[in-house]
Amino acid sequence: MRYLPKGPAERQEMLEAIGAHGIEELFRSIPEEFRLREPLRLPGPLSEAGIIEYFRTRAGENARGYTSFLGAGVYQHFRSVVTDALIQRGEFLTSYTPYQAEIAQGTLQSIFEFQTLMCQLTGQEVANASMYDGSTALTEAVLMAERLTQRRNVLVARTLHPEYRQVLATYAKHCDLNVIEVGFAASGQLDTSSLSTESLAQAAAVVVQSPNYFGVVEDIAALANTAHPHGALVVTGITEAVSLGIVKPPAEADIVAMEAQSFGVAPSFGGPYVGVIASRDKFVRQMPGRLAGQAADAEGRRGYVLTLATREQHIRREKATSNICTNEALFALAATIHLCLMGKEGLREVARQNLSKAHFALAHLTKIPGVRRCFSGPVFNEFALEFPRSVKIINQSLLRDKIIGPLPLGVNYPEQTKCGLVAVTETMPRTEIERFAAALKQILERPV
Amino acid sequence: MKELKEPTDHRQAATMAQPVETSVAFARVSRQVSLNEGLIFEESTPGKRGMEFPPLDVPQIDPAEALGAAFVRDPVDGFPEVSEIEVIRHFTRLSTWNYAIDLGMYPLGSCTMKYNPRVNEFVARLEGLATEHPSQTTEMAQGCLRIMYDLHKCLLEITGMDAGTLQPAAGAQGEFAGLLMIRAYLESKGDARKKVLIPDSAHGTNPASVVLAGYEVQNIRSNSSGLIDIGHLREYVTSDVAALMLTNPNTLGVFEERIAEIAAVLHERGALLYMDGANMNALAGVARPGDFGVDVMHLNLHKTFSTPHGGGGPGAGPVMVKIFLEPFLPVPVICERPDGKLGVDHNRPHSIGRVRAFFGNFGVLLRALAYTLAYGPGIRQVTEDAVLNANYLRTKLENDFDLPYSLPSMHEVVFSDARQRKFGVNTMDIAKRLIDYGFHPYTTAFPLIVPGALMIEPTESESKKECDQFIDAMLAIAREAETNPELVRTAPHSTRVGRLDEVGAARKPVLRWKKN
């Protein structure tokens, strides 16, 4: 087998050195009755060409050749080939968690750079080395707020990504945490009028996503002014990290939980992505996950180490701030490289392109009779539209034009059955936006 | 033709059993390209960039008009401004400061640092796979669903379990999901119980996950052989106990021979057996947890199934269960439809819910399937070679290093630094000295039941030659510990930076760069 570096003679030689008569002898501690006598019934073995063929065939069974307006937490952005080339260097790809700092300075310094970039983007003071993804980062941020405030209630916007809310619910159930949902106003923003003094005084945090699930930008500064006097923290979720190139960062929030997939990571059917937690310096000892920090060696040379590990499971076990061990280091590196490539100007430009294209699409689509915006609040690169008929039926027709249309909102918001989410990024050519608008117009002109 | 001499390989030089003086001379040779590469922020100068976009083909909109002036940010202060070549150089230079499996043996016990096949990276990036959005309808995602379905079937066959989920993003999340399924099952029978038993040799994630699942941790001691003490276990398994979380083979690399009895003790009293599958590399193709009484287990695809560690992640932690736990699996569940196509079932009233958005780390799952397909039933050879390597190292090192537990080793072997400590040299010193010999250290100071542990897992990916070089290095260090302990205590001598002051770093943490 091509991955195994031993020939039969070497195996024999090693067995003899051990003093074993056969390989079976090395498995003698497994009771006889449990040792398999028959080979497993597994497909394969496949050659490299065979593996490529299997996966090419699977790729052909997906949505190839379609133009997609899906967003809702996962976005198509341009990725430089440089990022992919660099993260495939064996020294990054095939290295372990950098516990042995002297031979992991490459990983450690890049984590330190990642942490810095995340702070710069979010307006926060400290960021960790990554979480699994946005949904688990958000959940961990809420648990962190619970530890910081010792309060058991958490006020969560209904406009937080529905799957993030589901993950939070799974964790909250066993941590004595009451999740109380807060509705949205006609603007699509958090309905702050429903945040009573009593509810805030008992809340660990108010949790809001911005831009939220409907694409609407929230006023985090105002929310912080409302929540802080009552001792409630503000946790801000971000699923579209590119928005930070132009949208005011949630600097007033106490904890930011972000999905950084938009920074150079492929959609890849939902993962692996990059979760981010950023917060204030004073809260660092309640943060989950790994942190890289600056250190010096005996001769005063600058280096980096994993630090403040007394928060973590391998030291603190049941008293750890989280059970997280493995994170998403390689894709945090991808995000770091992507951001370095874009730089200050590129980040701003890509954000402006998203804004311009989305607003161009919004203007075009809402010219179609019967199509209107669901919410009046400001949007970045995604927006909710109401249609005169079911989104699912419209989408069936759009598929014939090789277009994957709006994401139906009705599944998670039963009151919005005729609404759908449209995301438009810098990757979407104007001609495709126009083709989408034309196809939609035609569909809606046809009798039901 | 004149016979050419090979350039001296530092690894060869170091392992030729040379006197200490030579080791010192060698030790001055840096194995890393010693470039003073600053932080990217320090390399930055205004007006540069490394990525450009196609020109905007719609009218440029004024952000203040679109968002409202109050919502518009200024350009990010201190953000990098560098060209493409500078980015390439920066990260390539950083990469040379890392050790990697691609460079040599990475014998971290419990971490299973095996070869990461390159074709897996290739197929993960295929158009039509890397490009797919998780919210596509099932009709438009049959290929992705089929990959997950096929992997799921393979994992069931390998583990001997009945059903499973691929959603957890890492082993620790798998533990959490598995424990929630146990809780949901016991709750459905009217008694969720209070405690989960954890041996003192367990990974730290186990107790942390137990707490997150709302259970109390009850630590149990291992017996003098490092195994579960069945007598003790009987005392501990009360009507309050929901489960035992067991790593098998355990973190000493030893198979729990009385596993069936352990399962029986638990099952008699209505408790379940959870197996941490971190060490599945010792079992695949040889024995199946489902056959020896395990009710729930997770797998670490970034260990046993070769997906790259990438400097700390991503991973994936599928959970496999017995049929009675199937109703409690996280949503969604991929299922076969009558028409042969695959569907996604969200309507599962007993489910524990979601543990992660979307379908989990699909790109990791895909790589794990590519790995499994490469071997097929031949996966047994992987296990045999992994166990052979560990036993070979054990035989060659046991005269020079203390072996605190002498039961047969499987895929890893745990020594202690007891003999070297007499000379003032501990496991961390030996580990750091290994770096000078061109190897990544083994796992130090774990498991906790072995004071000064040297936990060595070679995996199947090491040739006999690589194993022999590692043995030579370890023996050379054992001699150095006796004859020149200072040399070992101050290692590594060949890296860009020496041992870093971790205590100082934690006392006054500097966790980000700041503009002066």
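What percentage of the 448 residues of chain A count as buried?

Analyst: The model is predicted, and every value below is computed from it. Of the 448 residues in chain A, 60% count as buried. The C-alpha trace of chain A spans about 85 × 55 × 50 Å along its principal axes. Its secondary structure comprises 13 helices and 15 strands. Contacts in chain A can be sorted by separation in sequence: of those between residues at least 6 apart, 72% join residues at least 24 apart.

Two groups of strands in chain A can be described in detail. One involves strand β9 of chain A, which covers residues 292-296. Four of the five residues of β9(A) are buried, so the strand is largely enclosed by the rest of the structure. The partner of β9(A) described here is strand β10 of chain A, residues 302-306, and the two pair in the antiparallel sense over five bridges. Within this pairing, A:A295 stands opposite A:G303 of β10(A). β9(A) and β10(A) form a hairpin with five residues between the strands. In that hairpin, A:G300 takes a positive phi near 80 degrees.

The other group is an open sheet of four strands in chain A, ordered β11-β12-β15-β14 with antiparallel pairing. The edges of this sheet are β11 (372-373) and β14 (407-408) of chain A; each has a single partner strand, so one side of each is left without a neighbour in the sheet. One facing pair here is A:R373 and A:L385, the latter in β12(A).

Chain A also touches chain B. The contact takes 161 residues from chain A and 170 residues from chain B. On the side of chain A that touches chain B, helix α11 of chain A, residues 329-365, gives the most, with 23 residues. By residue class, that side of chain A divides into 82 nonpolar, 45 polar and 34 charged residues.

The partner chain can be described in the same terms. Chain B has 17 helices and 12 strands, and 58% of its 516 residues count as buried. Its C-alpha atoms fill a box of roughly 75 × 70 × 55 Å, taken along the principal axes. For 516 residues, a compact globule would have a radius of gyration near 24 Å; chain B has 26 Å, which agrees. Of the contacts in chain B between residues at least 6 apart in sequence, 73% join residues at least 24 apart.

B:L145 lies in helix α6 of chain B, which covers residues 142-159. The cut-off for burial is 20 or more other C-beta atoms within 10 Å; B:L145 has 22, so it is buried. Leaving aside residues up to four places away in sequence, B:L145 touches B:T138, B:I334 and B:L342. The C-alpha atoms of B:L145 and B:K341 are 9.4 Å apart in space, although the two residues are 196 apart in sequence.

Key. Residues are numbered from 1 along each chain as its sequence is written. Chains are lettered from A and ligands numbered from 1 in the order in which they are written. This is a predicted model: local features need pLDDT of at least 70, side-chain atom pairs count only at pLDDT 80 or more; totals for chains, interfaces and linings use all residues. A residue is buried if 20 or more other C-beta atoms lie within 10 Å of its own, exposed if 12 or fewer, and partly exposed in between; C-beta atoms are placed from the backbone. Two residues are in contact if their C-beta atoms, placed from the backbone, lie within 7 Å. Two strands pair if DSSP finds at least two bridges between them. Ala, Val, Leu, Ile, Met, Phe, Trp, Tyr, Cys and Pro count as nonpolar, Asp, Glu, Lys and Arg as charged, and the others, Gly among them, as polar. The radius of gyration is taken over C-alpha atoms; the globule rule is 2.2 Å times the number of residues to the power 0.38.
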